[in-house]
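Please read this briefing alongside the sequence and the model, which are shown next. The notes that follow are grouped by topic.

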Amino acid sequence: MAKSLADFIRDARAQINEVDCDRVEEWLDAGEDVLIVDVREVEDFCKARLPGAHHVPRGHLEALADLEYGKAHPALSKARERRVLLYCDSGTRSAFAAVTLLQMGFTQVYSLAGGMVVWEAEDKPIES
């Protein structure tokens, strides 16, 4: 039987760690070491983002996370042992991105449950 989008999302979420907005805000307030990665498109990133977020579009994630790639993202490609928080609009692309980074050997990968939609709805801090 063919898989639906819902099947892919369910499978991804079963493999990853999701965190809620309050936990992420605790990390930020405590100054904990966390690399925040926005996997949305550039237009969305420019409008609003989590404080200190790095932009790594989902469509370029594998290349930019690979140390061997000549144009690797300087922070993400070296973060295999760091806590990495991924987010998108709703939490779907970031869930898929989290699976990818885990497969690439990253050890502390998290996806923001509900993404930017929930972050903004809970009136959490943003940069623009």
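Contact is used here for heavy atoms within 4.5 Å. By that criterion, and not counting residues up to four places away in sequence, R40 touches F45, A48, R49, H55, P57, Y87, C88, D89, R93 and M116. This is a predicted model, in which local features need pLDDT of at least 70 and side-chain atom pairs count only at pLDDT 80 or more, while totals for chains, interfaces and linings use all residues. Residues are numbered from 1 along each chain as its sequence is written, and side-chain values use heavy atoms, with hydrogens and water left out.

- R40 sits in the loop between β2 (34-38) and α3 (42-47), where helices (H or I, at least four residues) and strands (E, at least two) are DSSP runs numbered from the N terminus.
- R40 counts as buried because its relative accessibility is 3%, given that buried means under 20% relative accessible area, exposed over 50% and partly exposed in between (1.4 Å probe, protein chains only).
- A polar atom of the R40 side chain lies 3.3 Å from the backbone oxygen of D44.

**Salt bridges**

- A search of the whole structure finds 13 salt bridges, each defined as a side-chain nitrogen of Lys or Arg within 4 Å of a carboxyl oxygen of Asp or Glu.
- Side chains of opposite charge can pair when their charged atoms come close.
- In the salt bridge between D33 and R82, the closest N and O atoms are 2.7 Å apart.
- D33 lies in the loop between α2 (21-29) and β2, and R82 in the loop between α4 (61-65) and β4 (83-87), so this pair ties together parts that are 49 residues apart in sequence.
- Both partners are partly exposed, D33 at 47% relative accessibility and R82 with a relative accessible area of 28%.
- E62, which is partly exposed with a relative accessible area of 34%, meets R58 in a salt bridge between side chains (3.2 Å, N to O).
- The side chains of D89 and R93 form a salt bridge at 3.3 Å, N to O, and salt bridges that share partners join D38, R40, D89 and R93 into one network.

**Backbone at D123**

- D123, in the segment after α6 (115-121), has a phi near 55°, a positive value in a residue other than glycine.
- Most residues other than glycine have a negative phi.
- With a relative accessible area of 68%, D123 is exposed.

Terms used: Polar contact = N/O pair within 3.5 Å; in protein donor to acceptor, adjacent residues only side chain to side chain.
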